[in-house]
Amino acid sequence: MPLWFVGLAVFVSFVAGATASIVGFGIGSLLTPLIAAHFSTDLAIAAVAVPHLAGGLLRGWRLRQYINWTVLLYFGVLSAAGGLIGAFAFAHLVPAALTRTLGALLVLTATAGISGWSQRWKPRGALVWILGALSGFFGGVVGNQGGLRAAALSAFGLTPTAFVATSTVIGVLIDVARTPIYLYRAGPDLVGFWGLVALATAGVLAGTLAGERMLFGLSPTRFRVVISFAIGLLGLWFLFGPA
């Protein structure tokens with residue numbers, strides 16, 4: 001493994017951890033494509049699951065007082081179930097097609113957020129459960145759950161810290177459900193890359209602590225714009241990036 005790639009992976013891990021502390025997602029979105037460009041996609045998804053879980057645990061613990069437990073209960077449980085189903089299904093489906101679909105959904109969500117339409121709509125009833133299950137399912141299949149989860153949570157009107165805290169804990173629930181499956185399937189292939197996984201985990205943890213300072217400086221209005229742009233950029237990447 002080239003030294004330059006290891007250094008790039010550590011740098012991107014730091015940026016990913018900081019981004020996740022600000023908008024509630026970003027570790028899988030940034031790290032998975034990078035590692036998949038050098039290794040297989042399946043191996044990348046399994047490798048990134050470890051720093052993703054570690055960053056979520058640290059961020060969730062530090063922001064635990066801001067968690068919205070009502071949203072977590074109604075949205076998070078189905079997300080974890082969807083993540084488990086998606087992790088079992090990801091080897092049998094067509095991730096590329098699902099990724100394009102997810103990209104289109106995220107671009108539409110970002111447009112609604114920037115235009116202010118999402119401020120006038122809040123999911124209710126069964127739709128909350130459906131959105132939760134879909135965010136987890138996409139996470140299990142394509143290794144990226146944060147974008148759709150953020151898109152759904154943006155309609156709940158949470159404060160920036162409550163948004164990130166609640167999104168983080170939901171992500172941890174999904175990770176706990178799916179990571180053992182990834183490691184079981186890719187475990188033998190990951191043996192030679194544990195050094196890279198450990199360095200990426202350290203980078204994510206350092207970035208998580210650095211990004212936390214910026215989160216507390218964001219107003220709700222500015223946060224809505226930031227989260228909408230982040231969702232939109234991720235959606236465009238899924239739509240037009242490499243399959």
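I read the elements from the N terminus on, and they run α-α-α-α-α-α-α-α-α-α. The secondary structure comes to ten helices and zero strands. Helices here are DSSP runs of H or I with at least four residues, strands are runs of E with at least two, and both are numbered from the N terminus.

This is a predicted model, where local features need pLDDT of at least 70, side-chain atom pairs count only at pLDDT 80 or more, and totals for chains, interfaces and linings use all residues. Residues are numbered from 1 along each chain as its sequence is written, and side-chain values use heavy atoms, with hydrogens and water left out.

**Burial.** I looked up the buried share: 54% of the 243 residues. Buried means under 20% relative accessible area, exposed means over 50%, and partly exposed lies in between (1.4 Å probe, protein chains only).

**H1 and H2.** I took the angle between H1 and helix H2 (residues 27-38): about 165 degrees, with the axes 8 Å apart. Axes are lines fitted to C-alpha atoms, for helices over the stretch in contact, and angles run from 0 to 180 degrees between N-to-C directions. H1 and H2 are therefore roughly antiparallel. The cut-offs are under 35 degrees for roughly parallel, over 145 for roughly antiparallel, 65 to 115 for roughly perpendicular, and oblique for the rest.

**Surface patch.** Trp-4, Leu-8, Phe-11, Phe-14, Val-15 and Leu-30 form a nonpolar patch on the surface, with about 580 Å² of accessible area together. Areas come from the Shrake-Rupley method with a 1.4 Å probe; for residues, only the protein chains shown count as cover. Patch residues have over 30% relative accessible area and no salt bridge; nonpolar side chains (Val, Leu, Ile, Met, Phe, Trp, Tyr) are joined within 5 Å, like charges within 9 Å. Helix H1 (residues 3-23) gives the most, with five residues. I checked Phe-14, which is found in H1. Phe-14 counts as partly exposed because its relative accessibility is 36%.

**Salt bridge.** I looked for side-chain nitrogens of Lys or Arg within 4 Å of a carboxyl oxygen of Asp or Glu. The count is one salt bridge. Glu-212 and Arg-62 make it, at 2.7 Å, N to O. The pair links distant parts of the chain, 150 residues apart: Glu-212 sits in helix H9 (residues 194-215), Arg-62 in helix H3 (residues 41-62). Glu-212 is buried at 14% relative accessible area. Arg-62 is partly exposed at 40%.

**Gly-76.** I found Gly-76 in helix H4 (residues 69-89). Gly-76 is buried, at 0% relative accessibility. Ser-167 is 91 residues from Gly-76 in sequence, yet 8.5 Å away in space, C-alpha to C-alpha.
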